[in-house]
Amino acid sequence: MAKKLVVLGLKNDVFSFLLEGDEVVKIRLDSKDRKRVVGSVFLGKVKRLAKGMGGVFVDIGLDKEAYLPLKGEMLKVGDWILVQGVRDELGEKGIKLTNRIKIPGKYIVYMPETQEIKCSSKLSTEDKCRLLDLIKEDLQNEGVILRTASARASKEDILRELQQLRGLYQSLKAKLRSNKKPQLLLEELPQHLGLIRFHWSDLEGIFCNDVSLWHQISNFLEGFEPSLLNKLYYVKDASTLAVSFGLRDALKRALQKRLWLKGGGYIVIEETEAMTVIDVNSGDACGDTQEENALRTNLEAVKEIAKQIILRDLGGIIMIDFIDMKEQGNKDRVINALKEALGEDLCNVQIYGFTKLGVLEMARRRSGKSLTQMLTEDCPHCNGSGRVKGDNLYVLELDLDIENHGAGFVEVYVPKGRKEAVESYIKAKKMDHVVVIEDENLDYNKYEIRHVR
C-alpha cells in the first residue's frame, strides 16, 4: 500500500508519522542531539566477565558498560570485538549488545557473521525461489535477508549492494585491527531516515516542517534513492500537516488505554514495568453460541491489537487476555489471524500460544522505550502513580495550537512546573509574539492561549 511520511521537528525532538492510506500506522520519536545506540556498530573492549549471566560487560566508549550475552563464544577480559546495539537503556536495564552484526540496505540486510539466507514474508514463493537462486552463488560464508524491494530490483542492483555492504563491513573489521580505543564506528540512522530506508519503495510523499531536517533528508536521498527527491516537500506550517493527516487524533489514540471495536467490544492496553497486558472485552452478542461470539470479537480485536503493538512500538513480554474459547481450532484461528495482522513485523515477534488460563503469551523484540513511555512521564503530583504528558508532547500540541491562532501577540497560560520547558521552546523557535504566564490553577496537561488585544 502507498505510504506517506510526515516529519515534525521541535527544539530537540523529531516526531515521525508513517501513514498507510489515511491511517497513521507508526509514530516514532527521536532526539536530535542524543547518540543512537540501537543498530549502531561499536568497537568494544571486554571489561568484565559475567559468568552467572552467561555474558560479558563491554566498554563501547559511552558512560556505562554494555552487556553482551554469549552463545558458545569464548571471550576474555581485554579482548577487542565488534558489537552492535540491540536495546537501549531501559529503566534499570543497561545497553544490550550482539556480536552478530546486521547492516541494512535498500534490497538486502547483510549478516556477515551468519550463513543464513532469509526472505521478507511479503515476498511471493516464486520471488523467494528466484532471489535465493540469484544470490546464493555470490555469498562467501555470509548471510542476508532479502527485503520486499528486492523483488523489483535487477540482479546487478542486488549484487552491487551486496558488494558495497561487504566492503563496509571489511572497513569496520580493519578498524578492529588498527584502532585500540572503544568508540562508535557506524551510527544508525535517525528514526525518520530509518523509516525511509525501510519503506522507500512504497513512499509517495515525504513532508517536513523543519528546514534543517529537510536538508538532512534531501542529502540522504541523493545518495540512497534520488527518485524520491521530487516527493520531498517542505511545509512550514506544522498545524497544516497535523490537520491534513490527522496527527493529533493519531497521538491521542496511541495513548488511550481503552480502544473501542466496531462490533461493540473493546480492548484495554496496560503497560507495566515487567510486561504489557491487553484485555479483550465482548460487545453485543450476534452469534448463535457463546463460542461464536467470543471468536468473532477476538478476531476483530486481533487486527486492532496488531496495529497498536506496531503503532506504540510495544516490546518485551505481551500477554493478551482474549475472551475465553473452548475449541482449540478457534484458538489456532486467532493465532494465525494475529500473525497475518502483524505482517512484516512478525519477524520481531515470538508467539508462544495460549496458557492454561486462556491468556496468549507473546514477546516482541524490545529496542528501547515504547511510544507511551517516551511521550508521558510520572505525574509530579501523585508520586508517580499516574502518567501525564511529557514536555515533548506538551510543547508539540501547544506549538500546533499557537499556529492555529494566526497572527498577532498571544499569551500562553501554563500550569506550575511547565513554564521553563515552554519558555525554552518558545525562545528556540524565536516566537517573539508569545508571552508565557504561569497559572497554578491549570491542570498539568492543559494550557490556555489568549490573544492580546
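## Largest cavity

The largest cavity has a volume of about 60 Å³, in a structure that is a predicted model and that holds 3 cavities of 30 Å³ or more. Its lining is formed by Glu271, Thr272, Glu273, Met275 and Thr276, together with Leu314, Gly315, Arg366, Ser370 and Gln373.

Sorted by class, the lining of the largest cavity comprises 5 polar, 3 charged and 2 nonpolar residues. Among the residues that line this cavity are Glu271, Glu273 and Arg366, which count as charged because Glu and Arg belong to that class, while Met275 and Leu314, also in the lining, count as nonpolar because Met and Leu are in that class.

## Second largest cavity

For the second largest cavity the computed volume is about 40 Å³. Phe322, Ile323, Asp324 and Met325 contribute to its lining, as do Lys331, Phe354 and Gly358.

The lining of the second largest cavity divides into 4 nonpolar, 2 charged and 1 polar residues. Asp324 and Lys331, both found in this lining, are counted as charged because Asp and Lys are in that class, and Gly358, another lining residue, is counted as polar because Gly is placed among the polar residues.

## Cysteines and disulfides

A search of the whole structure for disulfides finds 0. Two cysteines can be described by their accessibility: Cys208 has a relative accessible area of 0% and is buried, and Cys379, at 13% relative accessibility, is likewise counted as buried, because the buried class covers values under 20%.

Definitions and conventions:
Residues numbered from 1 in each chain as written. Predicted model: local features only at pLDDT ≥ 70, side-chain atom pairs only at ≥ 80, totals over all residues. Heavy atoms only, no water. 1 Å grid on protein atoms, 1.4 Å probe; cavity = no way out; pocket = protein on both sides within 12 Å on 5 of 7 lines; lining within 4 Å. Points joined across faces, edges and corners; volume = space filled by probe spheres on them. Disulfide = S-S within 2.5 Å. Buried < 20%, exposed > 50% of the residue type's maximum accessible area, 1.4 Å probe, protein only.
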